[in-house]
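Please look through the model below from one end to the other before reading on. The paragraphs that follow take up one part of the fold at a time.

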Amino acid sequence: MAGPPLTFSTALRILGKHESRLLERLDQALGATILAAGVGLATVPATAPPLVMFALVWGWVDQKNQAVALLRDLVSGLSRRLGRTRGRERRDLIEAAHSVIVVAAFLEVLAETIGRKARAAVEKRREQLLLSSETTFRQLYRSEIPAPDVRRGFRENLQPIEEWVEHALDMFTMFAGLDTTPEDPPFAKRVLDRYQTHYLVLAREVPEFLIWSLLGEHATTRAAITDIAAELRDRLDSQGGALDRLERLLAVPDLDDTTGSLAALQRANRALLTRPVVPADPEHYGAGIVFPTVDRAFIRPRYRTALWSRDFRPADEDWWRDHPVRDDLDLMLVGHITMPEAARTPLLILGHPGAGKSLLTKVIAARLPTESYTVVRVPLRVVAADAPIATQIQQALLHATNSDIPWARLAEDSADTIRVVLLDGLDELLQASGHDRVDYLHEIERFQRVEHEQERPVVVIVTSRTLLADRVAIPVRSVVVKLEDFDQAQIAAWLARWAEANRASIAAGRVRGLTENEAVVHHDLARLPLLLLMLALHAADPGTPPLGAELSKSALYEQVLDNFTRREVHKGRIPPGRTVASEVAAQLARLAVAALAMVNRGTQYIHEDAVRDDLDVLVGEPVDPGKRVLGRFFFVHTAEALVGTTRRAYEFLHTTFGDYLAARYVLDVLRVMSADDDERLHALLSHQVWATRQPVVDFAGEYFEQLPEDERTLTRLTLVELIRTYRTRVRTPGRYRPTKPDFVRATAVYSVNLMTLLVAFSDTLTLTEVFGGTPTAALRTWRSTLSLWESLEEGSWRTVLGQFTVTEDLAVRGLFGARWQMTEGYADLSLANVGLRRERARLLGLGLAVTGQVVDDQQHWVDSALAWIAGLRAGLHSGTSGLPMPPPTASPEDADRVARAIEDLPDAIYERLSPPAPDDEPGHCR
């Protein structure tokens with residue numbers, strides 16, 4: 001952790017700069033010993049002679065109790081003192097104020113409850129306490145006092161404070177030999193009640209304390225904070241655009257005296273709000289389209305937060321679902337920026353591509369009040385990826401202001417303000433640079449520590465794609481925020497602002513507005529702000545047909561990709577001998593090669609060098625090194641990093657764009673090829689199992705259905721021929737190598753992808769139709785093929801097992817999109833079923849049932865159910881998995897046998913079984 005911990009000693013040192021007279025009186029009240037030693041509360045030493053430590057500890061419980069009374073006076077004046085401060089001075093005072101009210105509450109209750117006992121003990125055990133005062137001194141003055149943070153608001157912070165109080169009490173009572181018999185109410189509860197009283201008094205007038213009380217899962221309600229100052233209430237209730245409340249809550253009226261480099265930076269930040277959310281380009285988007293400004297286009301996102309822990313999985317969407325969604329992002333940011341921990345550890349903000357992370361940093365930079373905050377926004381794509389953080393900040397300053405402003409000079413010029421650095425696009429630095437900066441967040445923490453040591457504390461906020469959060473080491477005590485996608489209300493709000501900006505063009509018929517119904521139908525895209533803008537631009541052409549529910553996803557993607565590719569083509573110069581159509585086709589081919597590069601490497605982004613190599617092999621189009629491979633498409637995110645030259649990585653804003661392009665490209669190859677020559681198809685389909693990326697299979701099926709009937713028939717016949725002959729074909733290594741050469745794996749992947757496509761393209765299909773020959777021979781070949789597929793990596797193999805089912809008449813059916821909890825035992829059972837080894841399947845099913853695993857084996861339901869009951873009776877399982885429900889084919893006699901077996905269970909076991917809970921898995925009873 002950067003910077004010193006928050007202690008009573010630190011708080012007194014800060015207050016000594018502002019309340020020197022009151023602290024001098026406190027020094028006198030604590031006794032002549034500390035005055036004679038030349039120390040005081042404003043300069044509490046790390047170590048001191050035993051007599052001084054004795055005075056600094058036991059002086060608080062002197063007979064007249066003057067010290068506690070003076071400390072109470074200090075607390076009562078905090079609101080007045082804070083009302084006249086700003087920037088760094090205010091930040092320091094707030095940090096000190098919170099620590100002081102914790103210790104004041106403790107010492108007040110201590111004096112009231114055991115003061116007399118303590119004074120008597122001091123007189124009796126003076127010599128012993130002189131020797132033992134150091135331990136109590138360190139707990140009172142040098143131990144960290146828990147403060148609220150983004151995840152642990154005022155209410156959640158009460159428990160850590162209670163632990164601090166109990167430990168401090170133990171130090172006082174143990175060494176003084178006092179009775180620790182529990183009181184009613186307990187000592188710690190009385191301290192917490194007193195602390196809350198002090199806290200809520202501050203919250204009535206000090207925005208930071210009020211905001212901390214509104215954060216966390218158990219936030220204090222507004223009703224609990226009575227008599228909030230009218231001005232503060234107005235600021236809290238304001239609901240302007242683009243985080244307007246962030247500015248109002250942190251503003252200090254009548255203070256704005258910035259000049260020179262600070263003024264230039266602040267003008268640059270403020271100008272961000274008035275710029276269009278996308279630079280206007282009539283030739284690209286159409287003359288009638290008006291883009292809303294950043295101020296108007298920004299919709300405050302919902303979010304989730306998490307504090308670092310040992311089971312931290314920030315890149316896992318399922319893990320995030322256990323964290324509640326909140327909608328007070330502006331309050332959270334106010335709370336974080338004003339909390340002491342913000343100058344010690346970076347805040348990490350995650351989101352999907354197109355979720356609005358960069359837009360958020362622009363709004364924060366523009367909204368933080370200039371009289372109290374100096375904000376530097378650093379787009380990491382425009383600075384040197386391998387440079388130290390201070391150098392990256394300086395390069396960003398040059399980019400934003402056209403002025404060479406060294407960080408050290410800016411820090412000195414902004415000494416009275418809080419410095420905030422917004423590092424936007426950590427994922428780009430990781431993706432494109434090729435440099436290993438896995439410790440980048442720790443580098444930031446070290447940077448913050450050095451700045452704090454130089455008395456130049458700095459708050460750092462970092463943004464990154466969610467997917468790459470597991471590629472960087474996250475410091476302990478870090479808070480991570482994940483931006484949520486738009487809900488329907490946010491989509492409607494955004495569309496209203498789009499319509500407002502384009503009202504005149506819509507009324508004149510030059511622009512068609514995207515309706516809320518159209519956006520909701522295609523919610524998968526509309527839930528991301530940038531993709532919602534893409535849909536609005538696509539729909540803006542009055543000639544575009546409505547995007548209704550009857551429009552399939554593949555048809556929508558075809559329209560959108562063609563539309564934006566044409567826009568990109570029209571931006572440039574069409575070479576002689578080329579047409580718009582040929583240029584559009586060439587651009588789409590490039591995009592498809594990039595999509596295949598991702599699919600076949602099993603990634604969601606791809607480096608530009610890899611796309612360049614693949615284009616040379618697949619399209620025969622060499623691209624000069626250094627030249628941009630893909631155009632600036634709206635639906636493609638380009639990560640850039642400066643490492644001598646600009647290095648790039650590409651990613652589709654929504655992965656399904658790449659899935660669609662890859663599926664279409666492969667189908668276009670398959671539909672025109674001859675089964676005699678499958679080298680190109682083999683090169684494309686022998687690297688990754690498509691069933692592990694289900695949307696690719698879905699798009700292939702939709703695209704296939706759009707083909708003429710004769711082409712569909714020919715394509716199916718080609719697939720059958722390729723499956724029958726895949727093991728006998730002689731292969732020569734090709735130049736297209738997205739994965740390492742592995743002949744056996746390539747054969748397995750190719751054959752399973754062929755079978756997946758054939759099943760997806762067929763209403764009915766049998767093994768004899770696929771492999772030919774007699775049913776026995778076809779089944780033998782099928783089982784041999786399953787053995788080959790079993791050599792695949794475990795994840796791919798188990799996915800394949802869950803995608804096919806085979807009936808007794810050798811009919812093959814696809815279960816594409818089904819999700820199975822494919823444990824090892826269930827995988828063996830699935831293999832037996834798919835391979836039509838029915839007796840083995842029955843035995844495996846019985847074995848799993850005996851151990852309590854849920855087995856959906858309708859053909860042998862009675863045996864499985866009775867085996868499950870037998871395992872329950874024998875104590876082999878506890879019955880928590882549930883008993884399979886009888887299938888529709890089960891006879892009354894079968895159900896009666898199972899019911900009698902349940903009734904015969906011992907009472908102790910029978911009573912544990914209960915009716916199914918509402919969230920039990922359907923198809924199973926308990």
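Helix 30 and helix 32 are roughly perpendicular to each other, a label for angles of 65 to 115 degrees, where under 35 counts as roughly parallel, over 145 as roughly antiparallel and the rest as oblique. In this predicted model, local features need pLDDT of at least 70 and side-chain atom pairs count only at pLDDT 80 or more, while totals for chains, interfaces and linings use all residues. Residues are numbered from 1 along each chain as its sequence is written, and side-chain values use heavy atoms, with hydrogens and water left out. Helices (H or I, at least four residues) and strands (E, at least two) are DSSP runs numbered from the N terminus.

The two helices pack at an angle of about 105°, and their axes are 8 Å apart. Axes here are lines fitted to C-alpha atoms, for helices over the stretch in contact, and angles run from 0 to 180 degrees between N-to-C directions. Which residues of helix 30 and helix 32 meet? On the side of helix 30 they are Leu588, Leu591, Ala592, Ala595, Leu596 and Val599. On the side of helix 32 they are Gly658, Asp659, Leu661, Ala662, Arg664, Tyr665 and Val666. Contact means heavy atoms within 4.5 Å. The residues of this contact divide into ten nonpolar, one polar and two charged. In that division Ala, Val, Leu, Ile, Met, Phe, Trp, Tyr, Cys and Pro count as nonpolar, Asp, Glu, Lys and Arg as charged, and the others, Gly among them, as polar.

Buried means under 20% relative accessible area, exposed over 50%, and partly exposed in between (1.4 Å probe, protein chains only). In soluble globular proteins, nonpolar side chains tend to be buried together.

Leaving aside neighbours within four places in sequence, Trp782 is in contact with Met755, Leu767, Phe771, Trp789, Val806, Val834 and Gly835.

Now move to a loop. Leucine 380 lies between strand 3 (373–379) and helix 20 (389–401). Is leucine 380 buried or exposed? Its relative accessible area is 1%, so leucine 380 is buried. Leaving aside neighbours within four places in sequence, its contacts are Gln392, Leu423, Asp424, Gly425, Leu426, Leu429, Tyr440 and Glu640. Leucine 380 and glutamine 395 are 15 residues apart in sequence, with 9.8 Å between their C-alpha atoms.

Leucine 70 is found in helix 5 (residues 66–76) and counts as buried because its relative accessibility is 9%. Beyond four places in sequence, leucine 70 is in contact with Leu22, Arg25, Leu26 and Ala29. The C-alpha atoms of leucine 70 and alanine 29 are separated by 8.6 Å, although the residues are 41 apart along the chain. Glutamine 196, in helix 10 (residues 187–203), is buried at 16% relative accessibility. Not counting residues up to four places away, glutamine 196 touches Phe154, Arg155 and Leu158. Arginine 716, in helix 35 (residues 709–725), is partly exposed, with a relative accessible area of 26%. Not counting residues up to four places away, arginine 716 touches Phe704, Leu758, Phe761 and Ser762.

Most residues other than glycine have a negative phi. Glutamate 455, in the loop between helix 23 (440–453) and strand 5 (458–465), has a positive phi near 60°. Leucine 810, in the loop between strand 10 (804–806) and strand 11 (812–814), has a positive phi near 70°. Glutamate 455 is partly exposed at 48% relative accessible area, whereas leucine 810 is buried at 8%.

Last comes the whole protein. The protein has 44 helices and 13 strands, and 56% of its 926 residues count as buried. Among contacts between residues at least 6 apart in sequence, 74% join residues at least 24 apart.
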